Amino acid sequence: MYAFLNGIIDEITESGAVIDVGGVGYNVQISPATAFRLPGVGRNVKLYTYTSVREDQIALYGFLSRDELALFKRVITVSGIGPKGGQALLSAMSADDLRFAIISGDVKAISRAPGIGKKTAERLILDLKDKLSAGDYLGAGYQEGATGGDGFPEAAGQDAGEVSDAAEALAALGYPRTDAVHAVRSAAKNGVTGTEELIKAALKELL
């Protein structure tokens, strides 16, 4: 229904915010982590939104980046995880960390989120692990412009395809996928560009 809301923050609580858009107040469900990151009452904010429609309720869920919203939409496709569960996950960890936990099969990290037990965490990993490539994890930070969805600056000339190819190449060489993803991401954040250069830089960390 609404792709995003851009307006003035009228009120903030741990679970919601009222955004004044042209004199109309929109009640948006947000996580405590998002509430902490909001600029403050009276300041302008842009929230990317998901509209949840149920028989007894229509609710807006808000996120500060398209990246968070995109991952939220994937998470709630998993049986047993609704919008509140998806928001709880993205409150317990960043979108970047949640992707890494899914790719690496870290049940313990995922099950720390409120309302997410071990079985639900295992189901989340089973359903999404093959749908989230190394490129999803590595490239997430480069989809929000000059500053990434996870907050780190975009390196000049960086390309999500290069970092994905580098991670896949290292995995093909026999390195554990999670270690390869971590090493290439580290190199990319340090400004290394080009598939071959990323592989070389990542190998220094892996060896």
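## Crossing of α2 and α4

In this predicted model, helices α2 and α4 cross in a left-handed sense. Two packed helices are described by the angle between their axes and the distance between the axes. For α2 (residues 66–75) and α4 (residues 95–104), the angle is about 40° and the axes lie 10 Å apart.

On the α2 side, the residues in contact are D67, E68, L71 and V75. Their partners in α4 are A95, L98 and R99. Sorted by class, this contact has four nonpolar and three charged residues, with no polar ones.

An α-helix has 3.6 residues a turn, so residues three or four places apart point the same way. The α2 residues that meet α4 include E68, L71 and V75.

## Buried residues of α2

The buried residues in α2 are D67, E68, L69, L71, F72 and V75. Among them, D67, E68, L71 and V75 also meet α4.

Helix α4 is one of several elements against which the buried residues of α2 pack. The helices in this list also include α1 (32–37), α3 (83–92) and α6 (118–128). Strands β4 (44–54) and β5 (57–63) are packed against as well.

## The chain as a whole

The protein chain contains ten helices and five strands. Of its 207 residues, 43% are buried. The chain exposes about 10500 Å², and carbon and sulfur atoms supply 49% of that area.

Among contacts between residues at least 6 apart in sequence, 52% join residues at least 24 apart.

Methods
Residues are numbered from 1 along each chain as its sequence is written. This is a predicted model: local features need pLDDT of at least 70, side-chain atom pairs count only at pLDDT 80 or more; totals for chains, interfaces and linings use all residues. Side-chain values use heavy atoms; hydrogens and water are left out. Helices (H or I, at least four residues) and strands (E, at least two) are DSSP runs, numbered from the N terminus. Buried means under 20% relative accessible area, exposed over 50%, partly exposed in between (1.4 Å probe, protein chains only). Contact means heavy atoms within 4.5 Å. Accessible areas come from the Shrake-Rupley method with a 1.4 Å probe; for residues, only the protein chains shown count as cover. Axes are lines fitted to C-alpha atoms, for helices over the stretch in contact, and angles run from 0 to 180 degrees between N-to-C directions. A crossing is left-handed if the near helix is turned anticlockwise from the far one by less than a right angle, and right-handed if clockwise. Ala, Val, Leu, Ile, Met, Phe, Trp, Tyr, Cys and Pro count as nonpolar, Asp, Glu, Lys and Arg as charged, and the others, Gly among them, as polar.
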